[in-house]
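Student: I would like to go through this model term by term. Please set each value against its definition.

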Amino acid sequence: MSAPEPLTFPTDADGWLAFASERPDAAIAQTAAIDARLKAGEGDAAARLELWNDADLALRRATHEVYLLSEAHPDAAVRTAAEDQVQRLEALSAARLLDRDLFDALAAIDADAAGLGAGQRRLLDHVLRDFRRGGVALPDAERERVRELTERDTELGLEFSRNIRDGRREIRVAPEALAGLPQDFIDEHPAGDDGLVVLTTDYTDLMPVREYATDRATRTALVAAYNDLAWPANDAVLAELLAVRAERAALLGYGDWADYETETRMIASGAAIVDFLARLDDASLPAAEAEYPLLLERLRRDDPAADEVTIADFFFLLSTLRNELHDVDAQLVRSYFSFDRVLPGVLATTGRLLGIGYVPVEVATWHPDVHTYDVVRGGIRIGRIHLDLHPREGKFTHAACFGLAPGIAGRVLPEAVLLCNFARGLMTHDEVVTFFHEFGHLVHDILAGDQRFARFSGVATEWDFVEAPSQLLEEWAWDAGVLAGFTADADGTPIPADLVARMKVADAFGRALEVRRQLGHANVSYHLHVDRPADLQAATEHWYDVTNPVKPLRGGHPYAGFGHLTGYGSCYYTYQWSLVIARDLLSGFGGDLMNPDAAARYRREILEPGGSRDAADLVQSFLGRPYAFDAYSAWLAGA
């Protein structure tokens, strides 16, 4: 069998519009033909599972492709066409789970009598569970209502994301309001004809301003603009989305949307979310209460009338105090991280760690900014990655990994994409950490792309585990030896090891407050879905207010731009749940991040299986024991 070839992209606007329609058309036609064969009772148990896999693969590939285009293509017409196709494909996927004849064809399989292997049994169990969760057993009227609600959920989710993507905001400030910002940033932001400087809510403006701007009014104005991203447009969208999910969960027999979502996750129930968040609350509160007065005291040195630290002050004060207390100047640190060094550095580091290489290839993609690489091992191509790393109008505004082609052994080459919004010149260390984090998803997707079944290909573990490998890879952005390999200042000198050591010590300051910030997001995510408050603004502000000593900006609407509310739903707790596991996984490296034996075991036991085994089993195989909370507690105790 010849090796699978990578995806080929169009080279002109008409080609992209055709790509966005013809490939979904083909996938839908293929699925219809397969479903007809399944309903006709064709094949034995193994053959039926292979047919299901063929249809699943076709739908996943097509959905990945158009979903990416909806978030990244520079042509608005292509993005709109792709969105329409996402809706169409998601509707078909949901409708299949309501098809009783299709269900009967698979439910009739007797795994024992058919002699199915472990992988086949796992696939059958997961698919039958999907049918049950999809509503196949409901009476006709309720099944139809579930179908309507599922389609509406997809439609609202796409609209919510589109409003964020297209909701970029600007403020105008006097040139002197840029005090404290790096000179290269100031040079890139000249005053316009009106004598004012334009700052946008793009990360390339937001992150430097909130960390470096000494003018509190500038920080507050830009963070306030960011907090109102996609408002008021997303107010009604989110309210309806929450109502749709609540009704759907009730029809399917769940207490609330959190119970529905968590059934297939490690945490297993909505009540367990509450318990986990309470544990985080207890673990982080003492250190956060000790850290906060230091921030307030430092703020009052600049603004004697200040009575509280807000989220617009948080990052600036952390950076300032880390400099004053630990001699870590964030702007000096930034001078070592130019994008043109960080990109090859991330590739070299992950390549050495995981025993793979990256070969640049010149191919047509959706935008000239995209860097494409073949991923190779032992001279053999095992995947392809596409890196779209800088902001532009109409593009996804955060940082994330998007699957493109789910890898199937001998049939489909795994491909995945990073959509990020990094600076083109000097990067903050936070951006570098984010790069490593997102690259963790990317290599997970590729290395787990040698599966038999599409269902288990790539990042296909339980959803509250998927962040753990990415959070683990962040550690390499804090290792002096790793950073010395690709950093350099203007004179070509790598970042000094003693500076990196001070950075690690300084990073512990504010750690508990950062956990509280994440806890606030998790509370908002959970309570908006479960409580379904009539006043989204008041409820969101309440949960941020009671969770964190660092206060929200009053009267803001950050829920409108909280993109995770669509994909993560009520389960933003995932980030801290995964971090508990990631801190424990780190212990498996024995203090040496480039330990080749640990790295090989990590690749084999954690990354390569994809979703073919439960996450808890993957962790036990790597650590030799179940994961525990202890490493996370120790990390938090270092705050």
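Student: Why is α9 described as largely enclosed by the rest of the structure?

Tutor: First, the ground rules: this is a predicted model, local features need pLDDT of at least 70, side-chain atom pairs count only at pLDDT 80 or more, and totals for chains, interfaces and linings use all residues. Residues are numbered from 1 along each chain as its sequence is written, and side-chain values use heavy atoms, with hydrogens and water left out. Now α9: 8 of its 10 residues are buried, so α9 is largely enclosed. Buried means under 20% relative accessible area, exposed over 50%, partly exposed in between (1.4 Å probe, protein chains only).

Student: Which residues of α9 are buried?

Tutor: They are D205, L206, M207, P208, V209, R210, E211 and Y212. Helices (H or I, at least four residues) and strands (E, at least two) are DSSP runs, numbered from the N terminus.

Student: What do the buried residues of α9 pack against?

Tutor: Their partners are α8, β2 (197-200), α10 (216-227), α14 (311-326), α15 (330-334) and α17 (429-447). Contact here means heavy atoms within 4.5 Å.

Student: Which helix supplies the largest share of the lining of the second largest pocket?

Tutor: α9 does, with 5 residues. Both α8 (183-187) and α9 (203-212) supply at least two residues of that lining. In total 21 residues line the pocket, and E188, T204, D205, A423 and R424 lie nearest its centre.

Student: What makes a space a pocket and not a cavity?

Tutor: Both are found on a 1 Å grid over the protein atoms alone. In a cavity, a 1.4 Å probe fits but cannot get out; a pocket is an open set with protein on both sides within 12 Å along at least five of seven lines. Lining residues have an atom within 4 Å of a point. The second largest pocket holds about 350 Å³ of space. That volume is the space filled by probe spheres set on the points, which are joined across faces, edges and corners.

Student: How many residues of that lining are nonpolar, polar and charged?

Tutor: The lining of the second largest pocket divides into 8 nonpolar, 5 polar and 8 charged residues. Ala, Val, Leu, Ile, Met, Phe, Trp, Tyr, Cys and Pro count as nonpolar, Asp, Glu, Lys and Arg as charged, and the others, Gly among them, as polar.

Student: Why is D99 called buried?

Tutor: Its relative accessible area is 18%. The limit is under 20%, so D99 is buried. D99 is found in the loop between α3 (76-96) and α4 (100-107).

Student: What makes the pairing of D99 and K39 a polar contact?

Tutor: The side chains are joined at 2.6 Å. A polar contact is a pair of N or O atoms within 3.5 Å; within protein, one must be able to donate a hydrogen and the other to accept it, and residues adjacent in sequence count only if both atoms are side-chain atoms. A polar atom of the D99 side chain also lies 3.0 Å from the backbone nitrogen of D101. Not counting residues up to four places away in sequence, D99 touches K39, F131 and V136.

Student: Is H64 buried, partly exposed or exposed, and why?

Tutor: H64 has 27% relative accessibility, so it counts as partly exposed. H64 is found in helix α2 (residues 45-72). Leaving aside its neighbours within four places in sequence, H64 is in contact with G403, L404 and P406.

Student: Why is L296 classed as it is?

Tutor: L296 has 12% relative accessibility, so it counts as buried. L296 lies in helix α13 (residues 270-302). Beyond its neighbours within four places in sequence, L296 is in contact with A306, D307, E308 and V309.

Student: Which peptide bond is cis?

Tutor: The one joining W231 and P232, with omega about 10 degrees.

Student: What makes a set of residues a nonpolar core?

Tutor: Its members are buried Ala, Val, Leu, Ile, Met, Phe, Trp, Tyr and Cys residues joined through side-chain atoms within 4.5 Å. The largest has 125 residues, and L295, F337, I385, F435, F439, W476 and L585 have the most contacts inside it. Apart from it lies another core, of 27 residues, among them L7, A27, L69 and L419.
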